Amino acid sequence: MRFPNFTKSRRATTQQRETAAPVAPTVACFPNPSDASSFLTYPADLDGTTLVVFDAKGSEVERQQLKGNGLVEIETKGLPTGVYQVALLGTPFTTKLSVQH
């Protein structure tokens, strides 16, 4: 009686390269929620862009020009408790910032 040969196949296997999908640039505030100040991270090539903070009614409450090479501080101690929209003018980048005192 003969038994089948169950040895491993010797076929050549091709290695698949794992390529990471490109990561889209983003902006983010931390800490969030904030009390006295928050930091915004942004793509460094956006230095010179204007940052605007809007309150829940859409009114502008702060404006500054980015020049921090990817990191800028947003003072929140003078803002009332609430949720704010942070926008970089002329770009699609926006994020929410929560202020709690």
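This is a predicted model: local features need pLDDT of at least 70, side-chain atom pairs count only at pLDDT 80 or more; totals for chains, interfaces and linings use all residues.
1. Overall make-up. The protein chain has 7 strands and 0 helices. Its pattern along the sequence is β-β-β-β-β-β-β. Of contacts between residues at least 6 apart in sequence, 50% join residues at least 24 apart.

2. Burial and surface. The chain has 101 residues, and buried ones make up 29% of them.

3. Three strands build it, in the order 1-2-5, with antiparallel pairing. Strand 1 (28-30) and strand 5 sit at the edges, each pairing on one side only. On average, neighbouring strands in this sheet are turned by 30° against each other, direction ignored.

4. The strand 2 to strand 5 pairing. Strand 2 spans residues 37-41 and runs antiparallel to strand 5. There are 5 bridges between the two. Ser38 has Ile74 of strand 5 as its bridge partner.

5. The largest nonpolar core. It holds 17 residues. Those touching the most other members are Leu40, Tyr42, Leu51, Ile74, Val86, Leu88 and Leu97. Two or more residues come from each of strand 3 (50-54), strand 5 (71-75), strand 6 (82-88) and strand 7 (94-99). Strand 6 gives the most, with 3 residues.

6. Val86 in detail. Which residues does Val86 touch, leaving aside those up to four places away in sequence? The set is Cys29, Leu40, Leu51, Val52, Val53, Ile74, Phe93, Thr94, Thr95 and Leu97.

Technical notes. Residues are numbered from 1 along each chain as its sequence is written. Side-chain values use heavy atoms; hydrogens and water are left out. A nonpolar core is a set of buried Ala, Val, Leu, Ile, Met, Phe, Trp, Tyr and Cys residues joined through side-chain atoms within 4.5 Å. Buried means under 20% relative accessible area, exposed over 50%, partly exposed in between (1.4 Å probe, protein chains only). Helices (H or I, at least four residues) and strands (E, at least two) are DSSP runs, numbered from the N terminus. Contact means heavy atoms within 4.5 Å. Two strands pair if DSSP finds at least two bridges between them. Axes are lines fitted to C-alpha atoms, for helices over the stretch in contact, and angles run from 0 to 180 degrees between N-to-C directions.
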